[in-house]
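Reader: Hi! I'm new to reading protein structures. Could you walk me through this one?

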Amino acid sequence: RTVKLVRATPKDFGFTEMPTTTELFARAKERGLDLCPAEIGLHLRLALVDQPKGDWFWIAMESVTDSDGYPSVFYLGSDGDGRWLSSVYASPMRRWRLSNEFVFLLRK
């Protein structure tokens, strides 16, 4: 299926202080965006073959449990070591920098 994605930062949503995961995702929902299914991270990693070095972003999604039992979301990046897909700690109370970029699903 085809979906429309939006890449945005907490600052784009009007935050002036670092929001929690819960606050960020709630604000996105108020603005007509939804969380992505987790598989969006996998599809984007395969699709972005020319992702510029130094570019990285998180997938706005329901957290998955990592190998240590912590809630995490996927993030994609490209650096001197190549392109990668990984996960990062994302508890409901984690605070995000205003410049962190997330990919959201545009609501139909």
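Author: Happy to! This is a predicted model. The protein chain has two helices and seven strands.

Reader: Let's look at helix 2. Which of its residues are buried?

Author: Helix 2 covers residues 39-47, and its buried residues are Ile-40, Gly-41, Leu-44 and Arg-45. Looking down the helix axis, these buried residues fall within an arc of 135 degrees, so they line one face of the helix.

Reader: Why do residues three or four places apart point the same way in an α-helix?

Author: An α-helix has 3.6 residues a turn, so residues with that spacing point the same way.

Reader: Nice. And what's exposed on the other side of helix 2?

Author: There you'll find His-43, Leu-46 and Ala-47 exposed.

Reader: Switching topic: how does the radius of gyration of the protein chain fit a compact globule?

Author: It agrees, because a compact globule of 108 residues would have a radius of gyration near 13 Å, and the protein chain has 13 Å. Of those 108 residues, 37% count as buried.

Reader: Last one: how many positive and negative side chains are there?

Author: The protein chain has 15 positive and 14 negative ones, and the centres of the two sets lie 5 Å apart.

Conventions
Residues numbered from 1 in each chain as written. Predicted model: local features only at pLDDT ≥ 70, side-chain atom pairs only at ≥ 80, totals over all residues. Heavy atoms only, no water. Buried < 20%, exposed > 50% of the residue type's maximum accessible area, 1.4 Å probe, protein only. Helix = DSSP H or I, 4+ residues; strand = E, 2+ residues; numbered from the N terminus. Arc of directions from axis to C-beta. Rg over C-alpha atoms; globule rule 2.2 N^0.38 Å. Lys, Arg positive; Asp, Glu negative; His and termini not counted. Charge placed at Lys NZ, Arg CZ, Asp CG, Glu CD.
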